[in-house]
Amino acid sequence: MVYTRIVIICLLIIAVHLLDNDLERTPVMGFLTWERFRCNVDCTKSPNDCISENLFISITDAMISQGLRDAGYNYICLDDCWFANTRNKSTGELMPNATRFPSGIKYLADYVHERQMKFGIYEDFGSKTCAGYPGSLNHLKLDANTFAKWNVDLLKFDGCNVNLDLMNTGYPEMSLYLQASGRKMIFACSWPDYLRIAKKDVRYEKVAYYCNHFRNYNDIQDTWDSVINIIDFFGDNSEEFRQIHGPGHFFDPDMILAGNSGTTEDQQKIQFVMWCMMSAPLLLSNDPRNISKTALDLITNPSLISINQDICGHFPYRIQSGNNQIWVKFLCNNQYSGSYAIVYFSQNTTNNTFAFSLEKLKIFGSNYSTYMIFDVFSRSKVTEYPVTTSYVLKATLSSFDLRLYFVKLY
């Protein structure tokens, strides 16, 4: 027992230098079942929407036919409730529900891979998942190897039903087992969120050593209150998060709602733009088999995706909070390389005037001669002028309105 603990401690120390698994250099894009389909396991009442092999295959096909795969959404991920109620009695391995997943999990992974996409799955560090299915506690190595055998590309690792004091060693241990499994898998952790809820200290530097992206705030709900609460949380902590966030280790504010019914189209636009600004994972949780053209155009907008997928992965600055917010992000390698993205958005019901100089927006052009300002959604140039001239960027917004600009320096 002492020897085993020494080996684990040594591995954890070494892992600080081994973490870089060369995965998720830009935020992952794809689909995740939870927000839209939850834990619906009643395939009698909901044959097309229950968590099942049929749902997963139809979603995969729709991601292709709707152009989402070609837009970059190439991860198709199962969340909770895919499991059988018990492990395999002879091997101890996890098993899928045989009725809802008759062909097995590897069949689904192969189906996805044959269509040039990647496959993600869910598990939990605890004795049971949040929905009560078998968890990974005391089975970490076995489960990592099982996922590798099934050709999994991403593991979402939740944190229900476990002593929180075990997380600071258990999540790193699972990270090491995944790296040793022989298959590269993105490791998506819920570790910091559970510590935050319990008001325990969160060492984000350590989390970033072991996890490719990580949840650290409340689950998103299909409401505006949930969306703005998440945006405000990340804004309130942006100075701290900016020191950690970047290629290979991104904060995850949770799933994309565009195409669902709980928020308006304008609110969905604000959410998607802000997730792009935050270099957040873009995991859709809608129904791509039945999605509006407005929502589809939004989530496949190449200019927005380029902001999200910028290779530097910077976290933005929040310049102004409250009902009328302003955020700025530096971009180093997209179609407007060497530029800034600026977002103005409003929640107020009356007209709202924004007027900020570029200096107040933390945009300085001393090493350049010219600014060019481009309105992304109207696809028009706002102005172009010498950097020696002070310029105030103005906009008047209605309720739940948004402006997105690129400022190019050259």
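Predicted model: local features only at pLDDT ≥ 70, side-chain atom pairs only at ≥ 80, totals over all residues.
User: Is the disulfide of cysteine 39 and cysteine 81 left-handed or right-handed, and why?

Analyst: Left-handed, because the torsion about the S-S bond is about -115°.

User: Where do cysteine 39 and cysteine 81 sit in the chain?

Analyst: In distant parts, 42 residues apart. Cysteine 39 is in the loop between helix H2 (34-37) and helix H3 (53-65). Cysteine 81 is in the loop between S2 and helix H5 (105-114).

User: How many disulfides does a search of the whole structure find?

Analyst: The search gives 5 disulfides.

User: Are H3 and H5 roughly parallel or roughly perpendicular to each other, and why?

Analyst: The axes of H3 and H5 cross at roughly 10° and come within 11 Å. Angles under 35 degrees count as roughly parallel. H3 and H5 are therefore roughly parallel.

User: Which residues make the contact of H3 with H5?

Analyst: H3 supplies Glu53, Phe56, Ile57, Thr60 and Asp61. H5 supplies Tyr107, Leu108, Tyr111 and Val112. By class, that contact holds 6 nonpolar, 1 polar and 2 charged residues.

User: What makes the contact of H6 and H7?

Analyst: From H6, Leu140, Lys141, Asp143, Ala144 and Phe147. From H7, Gly170, Glu173, Met174, Tyr177 and Leu178. The classes are 6 nonpolar, 1 polar and 3 charged.

User: What makes strand S7 (250-252) and strand S8 (282-284) edge strands?

Analyst: Their sheet is open, with 8 strands in parallel pairing and the order S7-S6-S5-S4-S3-S2-S1-S8. S7 and S8 each pair on one side only, and they are the edge strands. From one strand to the next the twist averages 25°.

User: How do you know that strand S2 (residues 75-77) and strand S3 (residues 118-124) pair?

Analyst: Pairing takes at least two bridges. S2 and S3 are joined by 3 bridges, so they pair. The two strands run parallel. Tyrosine 75 stands opposite lysine 118 in S3.

User: Why do strand S9 (317-320) and strand S14 (380-386) stand at the edges?

Analyst: The 6 strands of this open sheet follow the order S9-S10-S11-S16-S13-S14, with antiparallel pairing. S9 and S14 each have a single partner strand, so one side of each lacks a neighbour in the sheet. Neighbouring strands are turned by 20° against each other on average, direction ignored.

User: How do you know that strand S10 (residues 324-331) and strand S11 (residues 339-346) pair?

Analyst: At least two bridges are required. S10 and S11 have 8 in the antiparallel sense, so they pair. Lysine 329 has alanine 341 in S11 as its bridge partner.

User: Which strands does helix H12 (residues 265-277) touch?

Analyst: H12 touches S10, S11 and strand S16 (402-409), and its direction makes about 150° with that of S11. Helix H10 (residues 224-236) lies across S9, S10 and S11, at about 60° to S10.

Definitions and conventions: Residues numbered from 1 in each chain as written. Heavy atoms only, no water. Helix = DSSP H or I, 4+ residues; strand = E, 2+ residues; numbered from the N terminus. Axes fitted to C-alpha atoms, helices over the stretch in contact; angles between N-to-C directions. Contact = heavy atoms within 4.5 Å. Nonpolar A, V, L, I, M, F, W, Y, C, P; charged D, E, K, R; others polar. Disulfide = S-S within 2.5 Å. Parallel < 35°, antiparallel > 145°, perpendicular 65-115°, else oblique.
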